[in-house]
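I opened my notebook to look up helix packing and aromatic rings. Here are my entries.

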Amino acid sequence: MAQVESKNRATSDPGARKDVLKEIKERGIDDVLLWFTDIEGHLKSFSITISEVEGALDDGMGFDGSSVTGFNAIEESDMVAIPDPNTVQLMPAREGEMKMARMICDIVTPDGKPYEGDPRYVLRRALDRMHSLGFDTFNVGPELEYFLFENDKGTETLDEGGYFAMTTMDAASGLRQETVHALEGMGIPIEYVHHEVGPSQHEIDMRFAPALEMADHTVTYRLIVKEIAKKAGYHATFMPKPIFGENGSGMHTHQSLFKGERNAFYDADDQYFLSETGKAFIAGQLKHAREICSIFAQWVNSYKRLVPGYEAPVYVAWSRRNRSALVRVPLYHPGKEQATRMELRCPDPACNPYLTFAALLQAGLEGIEKGYELPDPIETNLYDLTEEERESMGVQHLPESLGEAIDEMAGSEFIEKALGSHVFSRYVDLKREEWLDYRVQVTPWEIENYLPVT
């Protein structure tokens, strides 16, 4: 069922604030964590005592924004975090541990205006544009994959299981189930749980939700997965490509637009069951895929995953069954309105979900507003074609490095408008620094291959 997504706001409903205070008292919560993310999606947190919660809900809590990656410089560093009462959840705890709740915050300036550098605000602005075009909800269903290792010092796996491996090969089945219980306890519905293709690689799929809610779920999911693993003595990582020669971890992202209860992507009379709105939305993401690549694949390591041969799509095309294409329109329930959606297969789980969902939504809306034409689907395995054959079909490929991706982004007026000038300029600068730092490194591969022969 579709939900109408909340509109952009820096303050919350008085009734919701009252309900939070009542819940905190009834549950006997000892402390409250306030969360937000930096520009790269790293979770930031500080705690407040119960006596401070009411004031925080009304006026927010101040902090130094100059110490947060991508936020303001030191001369304009005062920031205020305002908890969103709709996000209050009890943190997982074992018997005898403190009861802690968390709320996710919107960041504002001291004068109460939304802070343009807040990734959550970037997504709110995208949702505002969606509402202005007559849509109510942008549903998102990301599938996050991750690896479990013995510790954080290396990549020693816990099992050698493969896709959908049974428990005899999968050492982490119990750990997955404990993680699912913890996620569901925090109000995150789970649909699928299974071993992925790589050794010690796993996937826990959340049920789709409106984009802002899902971005909040995603940062929560990543923390809970890592904390449950840590308590068991293991290390969970969402690094896109931690093991050479094995599949990397992706975040296939299912998307649909709704007007009320009606799926705006659906057309019963179309051969693909796609409406003109759905086709234009997909066309928008295909057209701008290279420009937004550094958002959904933001690390140097992301491009070790985005290579042919490891189930990570790199060719800008769409299909219905063909998983080598960037976009797939799943055929699990052909002709069923609520299930009609697109799946973007290139994001990885180490992205900033707020910026990623915002960029994807903005690209799709651009397609709708400007009437982009969707090319025919390509059902051929794109990996089997030559470069010349792909070029003759008009199929581009994603950038092959973070350096190439950030250059594409830096020259994009569309992305600057979608993210806002503040986030755009800081993000480009930050990623260029990362790429430069990587470029000057001397790797073990270079020593092994060049030192003996030069």
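At what angle do helix α3 and helix α5 pack, and how far apart are their axes? I worked on a predicted model, where local features need pLDDT of at least 70, side-chain atom pairs count only at pLDDT 80 or more, and totals for chains, interfaces and linings use all residues. Residues are numbered from 1 along each chain as its sequence is written, and side-chain values use heavy atoms, with hydrogens and water left out.

**Entry: helices.** I found α3 (residues 119-132) and α5 (residues 211-231) packed at about 160°, with axes 10 Å apart. That makes α3 roughly antiparallel to α5 (angles over 145 degrees count as such). I noted Arg120, Leu123, Arg124 and Leu127 of α3 in the contact, with Ala211, Leu212, Ala215 and Asp216 of α5 (contact means heavy atoms within 4.5 Å).

**Entry: rings.** I searched the whole structure and got nine aromatic pairs (ring centres of Phe, Tyr and Trp, its six-membered ring, within 6.5 Å; planes under 30 degrees apart are stacked, over 60 edge-to-face, the rest tilted). Tyr146 and Phe238 have ring centres 5.6 Å apart and planes at 50°, so I logged a tilted pair. Tyr146 sits in strand β7 and Phe238 in the loop between β11 and β12, so the pair ties together parts 92 residues apart in sequence. Both Tyr146 and Phe238 are buried (under 20% relative accessible area, 1.4 Å probe, protein chains only).

Next I checked Tyr272 and Trp318, an edge-to-face pair at 5.3 Å centre to centre and 90° between the planes. Tyr272 and Trp318 are buried too. Last, I listed one aromatic cluster, formed by Phe138, Phe265 and Phe281.

Technical notes
Axes are lines fitted to C-alpha atoms, for helices over the stretch in contact, and angles run from 0 to 180 degrees between N-to-C directions. Helices (H or I, at least four residues) and strands (E, at least two) are DSSP runs, numbered from the N terminus. Angles under 35 degrees count as roughly parallel, over 145 as roughly antiparallel, 65 to 115 as roughly perpendicular and the rest as oblique. Buried means under 20% relative accessible area, exposed over 50%, partly exposed in between (1.4 Å probe, protein chains only).
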